[in-house]
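The sequence and the coordinates are shown below, and the text then follows a few elements in turn.

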Amino acid sequence: MGLYLCIFDEDGEDICGVEVGLYRYFEEFRNLISKYTNKGLGSKILKRKSKFTLPMTTLLNHSDCDGSWNVDECVQLKMELQEIKQVFMNELPDLSIIELKQDIFKFYGIKPENLFECFIDSDCEFLIDRLIELCDLAIQENRPIMFQ
């Protein structure tokens, strides 16, 4: 079973969505972000400083299996995702993350060159970019992003 993030119109019709993939994949995405903040246990023990200026609470503090991000949260989420993208573009790829989507990478013949490129949706589009686009649409349409 996988995670689908989407926006519905007033009639309940799906206007746009992102097929993230397995819940485990989204969990690994958020775990890695947590690792790059100063909130993770390893960071606290090693006294590492966060690589982010934002606390990433909109992304990290939301359940991955239910609910929604309202329009105000989408504004904050977009800022978080933009910062994540900038940081991840300057980090080396993570082989354990690549392993989770290796079938799609092999099918499309893609080899991630940085951490940003390790995260793709089920259509082999960059996940962070797709989530930013989804936030833009949610803001434009004044509709929440729903977890399905």
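Which residues of α4 are buried? The model is a predicted one, in which local features need pLDDT of at least 70 and side-chain atom pairs count only at pLDDT 80 or more, while totals for chains, interfaces and linings use all residues. Residues are numbered from 1 along each chain as its sequence is written, and side-chain values use heavy atoms, with hydrogens and water left out.

The buried residues of α4 are Val71, Cys74, Leu77, Glu80, Leu81, Glu83, Ile84, Val87 and Phe88, where buried means under 20% relative accessible area, exposed over 50% and partly exposed in between, with a 1.4 Å probe and protein chains only. Helices (H or I, at least four residues) and strands (E, at least two) are DSSP runs, numbered from the N terminus. These buried residues of α4 pack against α1 (23–36), α3 (57–60), β3 (68–69), α7 (127–141) and β4 (145–147), with contact taken as heavy atoms within 4.5 Å. At the start of α4, a side-chain oxygen of asparagine 70 comes to within 3.0 Å of the backbone nitrogen of aspartate 72; a polar contact is a pair of N or O atoms within 3.5 Å, and within protein one must be able to donate a hydrogen and the other to accept it, residues adjacent in sequence counting only if both atoms are side-chain atoms.

In α7, the buried set consists of Leu127, Ile128, Arg130, Leu131, Ile132, Leu134, Cys135, Leu137 and Ala138, and these residues pack against β1 (2–8), β2 (14–22), α1, α4 and β4. Just after α7, asparagine 142 takes a positive phi of about 55 degrees.

**Aromatic residues**

The structure holds 10 aromatic pairs, a pair being rings of Phe, Tyr and Trp (its six-membered ring) whose centres lie within 6.5 Å, with planes under 30 degrees apart counted as stacked, over 60 as edge-to-face and the rest as tilted. Tyrosine 36 and phenylalanine 52 form a tilted pair, 6.5 Å centre to centre with 45 degrees between the planes. This pair links distant parts of the chain, 16 residues apart, with tyrosine 36 in helix α1 and phenylalanine 52 in the loop between α2 (41–46) and α3. Tyrosine 36 and phenylalanine 52 also belong to one aromatic cluster, whose members include Phe29 and Phe119.

Phenylalanine 29 lies in helix α1 and counts as buried because its relative accessibility is 0%. Its C-alpha atom is separated by 7.5 Å from that of phenylalanine 119, 90 residues apart along the chain. Beyond residues up to four places away in sequence, phenylalanine 29 touches Leu59, Leu81, Phe88, Phe119, Ile128 and Leu131.

**Cysteines**

A search of the whole structure finds zero disulfides, a disulfide being a pair of cysteine sulfur atoms within 2.5 Å. Cysteine 74 is buried at 0% relative accessibility, and cysteine 135 is buried with a relative accessible area of 0%.
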